[in-house]
Amino acid sequence: MPLEAVEARRLYRQVADQLRGLIDGGEYAVGSRLPTERELAEQLKVSRPTVREALIALEVEGRLRIRVGSGIYVIEPAVVAAPAPASVIEGPFELLRAREFLEGAIAEEAARVATRNDVARIDASLVAMGNVEHPGEASMVHDRAFHVAIAGSLGNAVLVRVVGELFDQRLNPYFAQLAHYFESPGTWRTALDEHRAVRDAIVAHDPDAARDAMREHLARSQERFAQNFGAEGATASPVGRGRVARSPAKPAKTKRAPKTLAKNGSARRR
């Protein structure tokens, strides 16, 4: 038998695969409610952002429905959906952490080398951001222009491309689904203020402040996407294997999550 390449699966994909297996195996019937994010994270010994990425992936596949303030429910898939390849779609929190590290360093250097023309491009993107509605396609275009303009001030085409490509991952279905729950005109105004703090530090030629402001902005973005779905009091409904659950509108009595949910004790906590 020929050897096959070994693929290191991302942690959130491992969690998604395990939950999908429980659903397919009848542990959670259509209409039943899954344990909360907190409970799943505790059982699996992983972070809540990792669990959230897994749940979002399953929702995009059409296996779950997240109802803010109620819980996470199994739904009947319209078609059998194959999971997206891990090599194609990145997890939203993984992307934001990468951007926090990279763009923090870029903003730090930009505070040292940015010219008047560079600042003018940054300012133009901020003006445009302040004049569009969010969420929407136009707001993403100008948000991207802001981050690319800062990278452009370093005069390195590779960094410009990398920053642009990382930002473009916001268009992947997992990121878009997560943003659907938590982005609003209010979060946009907050993010715009964070952008202006980065700009002001660059104009002041304060590398430390520019780095910290950019990292703070991207860390706050992670916090916004990690807000509670509002169902922490809800737990899984007592649905036996192969049984049909009650309607999600009237959840059944609570119980502990199935013992078949294995812990990823050896996995590194994210």
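Author: Helices (H or I, at least four residues) and strands (E, at least two) are DSSP runs, numbered from the N terminus. This is a predicted model: local features need pLDDT of at least 70, side-chain atom pairs count only at pLDDT 80 or more, and totals for chains, interfaces and linings use all residues. Residues are numbered from 1 along each chain as its sequence is written, and side-chain values use heavy atoms, with hydrogens and water left out.

Reader: How many salt bridges does the count come to?

Author: A salt bridge needs a side-chain nitrogen of Lys or Arg within 4 Å of a carboxyl oxygen of Asp or Glu. By this rule, the count is 24.

Reader: Is Glu-37 buried or exposed?

Author: Glu-37 meets Arg-48 in a salt bridge (3.9 Å, N to O). The pair links distant parts of the chain, Glu-37 in helix H2 (residues 37–44) and Arg-48 in helix H3 (residues 48–60). Arg-48 is partly exposed at 32% relative accessible area, where buried means under 20%, exposed over 50% and partly exposed in between (1.4 Å probe, protein chains only). Glu-37 has a relative accessible area of 3%, so it counts as buried.

Reader: How many residues apart in sequence are the parts that Glu-183 and Arg-170 tie together?

Author: Their salt bridge has its closest N and O atoms 2.4 Å apart. Glu-183 lies in the loop between helix H8 (173–182) and H9, and Arg-170 in the loop between H7 and H8, so the pair joins parts separated in sequence by 13 residues.

Reader: Which helices do the buried residues of H6 pack against?

Author: H6 covers residues 137–152. Its buried residues include Met-140, Phe-146 and Ile-150. Contact means heavy atoms within 4.5 Å. The packing partners are H4, H5, H7, H9 and H10.

Reader: In S2, which residue is the bridge partner of Leu-64?

Author: Strands pair if DSSP finds at least two bridges between them. Antiparallel S1 and S2 are joined by 4. Leu-64 is on the covered face of S1, with Ile-66. In S2, its bridge partner is Val-74.

How values were computed. The expected span of a helix is 1.5 Å times one less than its number of residues.
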